[in-house]
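Biologist: I would like to go through this model with you, one question at a time. Please show it first.

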Amino acid sequence: MTAPPQTPPNPPPASTAEEALPKLGPWEATLWMGHSFSALLGTLGAGHWKVSPGNWFGCGFDLAFASFNSTLGLTQKLVCGGKIRRAELTTQPVFILGHWRTGTTWLHELLALDPRHRAPTTYECFCPNHAFLTYDWLTSWTGFTLPSKRPPDAMPVGWHLPQEDEFGLLNLGVPSIYRGVAFPNQPWPDQKSLELDALSPAERERWLNRWRWFLRTVLARREGRLILKSPQHTFRVPHLLQSFPRARFIYLVRNPLSVIPSTIRLWKTLSSVHGYGGKMRNTLEEEVLAMFARMHQRVEATKGDVPADRWQVVRYEDFVQDPVTRLRDIYEQLSLDDFSVAEPIVREAVAKRKSYKTNKHTLDERLKQRIEEVCGPYAKQYGYW
């Protein structure tokens, strides 16, 4: 499988008017404040240390936090390492797959409401080096460093809400394309971290071991069926099965005419909020389209590894229209536990979110045509055109 092209044949011209994007408040934490020292060196190295002068102070601040995280991380290994190593990984997890902006976050949050389930939290993913050691006392007074809403889509933010385990890997120093958020004028780094196939056997085993260690730190705090969500995991089905042969998979799909512009804005917003400088490259649109096609091809090539009764496709449009019914269907079709235990909690959460409005994106004719060209096989397969 080839990586998305770093320079498309005819990149679209840069916009003459800069899109208004959010910025961090002076008290809000950056994505990099949870890095270990070696992880931050890796992120900066992936961007060739091209930090803009206006971000030198912030970068130095992040390096200081990274030193603190590494020190606490070593303390956690010494004090709590035995308990973490003894945590069992035999919970037959549920993996929520799908491209960015297909509704995976909302499904993740609803599944995590079940008291029998266990999803990594934002704190565990953003401070993975020492979360087991510091969770109770640091979360109690650091909530003010988080924005009240996610910048890309106004979804709620909180230390105790479910989060992508990919961020935990990123903060532990495991290579991830999320490193590219720091330097938006450069192509996505760490392309091998997607499928994992191009890694050497030793590199791949190291990746899997660090991931399993992170999951053990989560389960050592509280047991339960793991509910894991990460768009990048959509590329990794064979390797996920290697660690969890009895895993269940939910694959969310959505109209590409909504997904692509929303994903483009996602990457722009993340880099605006957490970037170390530089304007967004004008090849981003083509890279997003290539990544979408690459993910679809990978799913088609690997979904056959999963027995049919453990692979469930969910259309975003059906899910948001009636989340409770769709969730009940998921429980039944994947042979999860009795849904009636979670249903009252889920209904309450859905009722609280009824006023939520999704973002609206302007779609020019040129981009619409490119989406139809690149995403046609996916769209036809799932009935979007």
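Biologist: In which loop does Gln232 lie?

Modeller: This is a predicted model: local features need pLDDT of at least 70, side-chain atom pairs count only at pLDDT 80 or more, and totals for chains, interfaces and linings use all residues. Residues are numbered from 1 along each chain as its sequence is written, and side-chain values use heavy atoms, with hydrogens and water left out. Helices (H or I, at least four residues) and strands (E, at least two) are DSSP runs, numbered from the N terminus. Gln232 is found in the loop between S3 and helix H8 (237–243).

Biologist: Is Gln232 buried or exposed?

Modeller: Buried means under 20% relative accessible area, exposed over 50%, and partly exposed in between (1.4 Å probe, protein chains only). The relative accessible area of Gln232 is 0%, so Gln232 is buried.

Biologist: Which residues does Gln232 touch, not counting residues up to four places away in sequence?

Modeller: Contact means heavy atoms within 4.5 Å. By that rule Gln232 touches Trp100, Glu164, Glu166, Ser176, Ile177, Tyr178 and Leu194.

Biologist: What is the order of the strands in the open sheet?

Modeller: Two strands pair if DSSP finds at least two bridges between them. The open sheet has five strands with parallel pairing, and their order is S2-S3-S1-S4-S5.

Biologist: Which strands stand at the edges?

Modeller: An edge strand here has a single partner strand, so one side of it is left without a neighbour in the sheet. That holds for strand S2 (117–118) and S5.

Biologist: How many bridges join strand S1 to S4?

Modeller: S1 covers residues 94–97 and runs parallel to S4. Val94 stands opposite Arg248, and Leu97 stands opposite Tyr251. The number of bridges between S1 and S4 is four.

Biologist: Which residues of S1 point one way, and which the other way?

Modeller: The four residues of S1 named here are all buried. Val94 and Ile96 point one way, and the other way point Phe95 and Leu97.

Biologist: Which residue in S3 does Ile96 stand opposite?

Modeller: S1 and S3 pair in the parallel sense over three bridges. Opposite Ile96 stands Lys229.

Biologist: Which residues have the most contacts inside the largest nonpolar core?

Modeller: A nonpolar core is a set of buried Ala, Val, Leu, Ile, Met, Phe, Trp, Tyr and Cys residues joined through side-chain atoms within 4.5 Å. The largest one has 81 residues. Those with the most contacts inside it are Phe95, Trp211, Phe249, Ile260, Trp267 and Tyr276.

Biologist: Which helix gives the most to this core?

Modeller: In soluble globular proteins, nonpolar side chains tend to be buried together. In this core, eight residues come from helix H7 (residues 201–221).

Biologist: How many aromatic pairs does a search of the whole structure find?

Modeller: Rings of Phe, Tyr and Trp (its six-membered ring) pair if their centres lie within 6.5 Å; planes under 30 degrees apart count as stacked, over 60 as edge-to-face and the rest as tilted. Across the whole structure, the number of aromatic pairs is 22.

Biologist: What kind of pair do Tyr123 and Trp159 form?

Modeller: The ring centres of Tyr123 and Trp159 are 5.2 Å apart and their planes stand at 90 degrees, so the pair is edge-to-face.
Tyr123 belongs to helix H4 (residues 122–126) and Trp159 to the loop between helix H5 (131–139) and helix H6 (165–172), 36 residues apart. Tyr123 is buried at 1% relative accessibility, and Trp159 is buried at 9%. The pair that they form is edge-to-face.

Biologist: How far apart in sequence are the parts that Phe249 and Trp311 tie together?

Modeller: This pair is tilted, with 6.0 Å centre to centre and 35 degrees between the planes. Phe249 lies in strand S4 (residues 248–253) and Trp311 in strand S5 (residues 311–315), so the separation of these parts in sequence is 62 residues.

Biologist: Where does His48 lie?

Modeller: Most residues other than glycine have a negative phi, and most peptide bonds are trans. His48 has a positive phi, near 60 degrees, and counts as exposed at 54% relative accessibility. His48 lies in the loop between helix H1 (37–46) and helix H2 (56–86).
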